[in-house]
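Please look at the sequence and the model before you turn to the solutions.

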Amino acid sequence: MEIIFYHPTFDTPYWIAQLSKQLPGANVREWKKGDNQHADYALVWHPPVEMLQGRDLKAVFALGAGVDSILSKLKANPEMLPESIPLFRLEDTGMGLQMQEYAVSQVLHWFRRFDDYQAQQQKSEWQPLADYHREDFTIGIMGAGVLGGKVAESLLAWGFPVRCWSRSRKTLPGVQSFAGTEELGDFLRETRVLINLLPNTAETVGIINLNLLNQLQDNSYLLNLARGVHVVEEELLQALNNNKLKGAMLDVFSREPLPQESPLWQHPRVVMTPHIAAVTRPQEAIAYIARTITGLERGDHVSGQVDRQRGY
Ligand SMILES: NC(=O)c1ccc[n+]([C@@H]2O[C@H](COP(=O)([O-])OP(=O)(O)OC[C@H]3O[C@@H](n4cnc5c(N)ncnc54)[C@H](O)[C@@H]3O)[C@@H](O)[C@H]2O)c1
Ligand SMILES: O=C(O)[C@H](O)CO
């Protein structure tokens, strides 16, 4: 079995060595420009079109959870990967735990009013504040898939009321599930902390706009862990400046790196990280890919295949 690997920043020798160890019958090689030799599987992130085009592959694996970049490249170059070749993505592979760490730490930060205490410290002000109550701190998770489900579990464990919104209704124990555009308003009405874990698709671009934010509880918070294009950044700033939103924590931006001139850098109630909420963990990802390839070779049904029409 021949496997080609391409990632612009990963430690390629490590990936090749580990994949070879876990797939003993496979010959794994780094794809380099000009390599047109046969391959059965391709493992990629931001692949050059020529790497995939014209190949008779059994499957392609995206080396991340989101497949928006590869699907948008495919839109511009449909011949890069015919529909008959399945595209897989990473399901969890250690990202669920990272998302839990991120979400729990920030929700607790807001719940215990550490943002207010930090602002007071700037003014050398010693002033105990009223406690917040969990019943007024409903967490609303948009996108209740692999990662949204994990985040829901972790916040439930801290005793917060948790609800989710997704395309179809979910049955996550203890979580109130809302589905479809017709239930979006009901989902938002009680939400105090909005956590975004939607995929980037034609339907979800720009979904977090002023109209949506205005439907949240007053003094709400936004945690964007998915993609920057979900948020209309100027409208987020309006919602912060008119105090509908009390704070926002953003891991992703419509342009990355965030341009120096963006007012988000300086906003006193915005905190940010540089797209690190959940990164690909090589060990878990390699084990998952090896397991999936073994399953595909046996003809098993395996999960993780992207529905290209839906876009995730
Ligand atoms: N910031 C980071 O570091 C980072 C890391 C990993 C993943 N992500 C992002 O997180 C996203 C989610 O990952 P996942 O593995 O949980 O994906 P997933 O496919 O398992 O879950 C997606 C969820 O969104 C819902 N959904 C999709 N379209 C919808 C729509 N139009 N309306 C309502 N609900 C809709 C689905 O029903 C599903 O519940 C990824 O697509 C990626 O963009 C970000
Ligand atoms: O989707 C993912 O896996 C991360 O956001 C990296 O882009």
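A polar contact is a pair of N or O atoms within 3.5 Å; within protein, one atom must be able to donate a hydrogen and the other to accept it, and residues adjacent in sequence count only if both atoms are side-chain atoms. This is a predicted model, in which local features need pLDDT of at least 70 and side-chain atom pairs count only at pLDDT 80 or more, while totals for chains, interfaces and linings use all residues. Residues are numbered from 1 along each chain as its sequence is written, chains are lettered from A and ligands numbered from 1 in the order in which they are written, and side-chain values use heavy atoms, with hydrogens and water left out.

**Exercise 1.** Describe the surroundings of ligand 2.

Step 1. The residues around ligand 2 are Trp 45, Gly 64, Ala 65, Gly 66, Met 95, Arg 227 and His 275, where a residue counts as near if one of its heavy atoms lies within 4 Å.

**Exercise 2.** Describe the surroundings of ligand 1.

Step 1. Ligand 1 is surrounded by 28 residues, and the closest are Val 146, Leu 147, Arg 167, Leu 225 and Asp 251.

Step 2. An oxygen atom of ligand 1 lies 2.9 Å from a polar side-chain atom of Arg 89, and an oxygen atom of ligand 1 lies 2.8 Å from a backbone N or O atom of Leu 147. On the side of Glu 203, an N or O atom in the side chain is 2.9 Å from a nitrogen atom of ligand 1.

Step 3. The protein covers 94% of the 870 Å² of accessible area that ligand 1 has on its own. The elements that give two or more residues to this shell are α4 (95-111), α6 (146-157) and β7 (162-166), helices (H or I, at least four residues) and strands (E, at least two) being DSSP runs numbered from the N terminus.

**Exercise 3.** Which contacts does the side chain of Asp 40 make?

Step 1. Asp 40 sits in the loop between β2 (27-30) and β3 (41-44).

Step 2. Asp 40 is buried without a salt bridge, and the nearest side chain of opposite charge, Lys 58, is 4.2 Å away. Buried means under 20% relative accessible area, exposed over 50%, and partly exposed in between (1.4 Å probe, protein chains only). A salt bridge is a side-chain nitrogen of Lys or Arg within 4 Å of a carboxyl oxygen of Asp or Glu; Lys and Arg count as positive and Asp and Glu as negative, while His and the chain ends are not counted.

Step 3. The side chain of Asp 40 reaches the backbone nitrogen of Glu 2 at 2.7 Å and makes a polar contact with the side chain of His 38 at 3.0 Å.

**Exercise 4.** Is Arg 113 buried or exposed, and is Ser 124 buried or exposed?

Step 1. Arg 113, although not a glycine, has a positive phi of about 65°, and Arg 113 is buried, with a relative accessible area of 16%.

Step 2. Ser 124 has a positive phi of about 50° and is not a glycine either, but Ser 124 is exposed, with a relative accessible area of 69%.

Terms used:
Accessible areas come from the Shrake-Rupley method with a 1.4 Å probe; for residues, only the protein chains shown count as cover.
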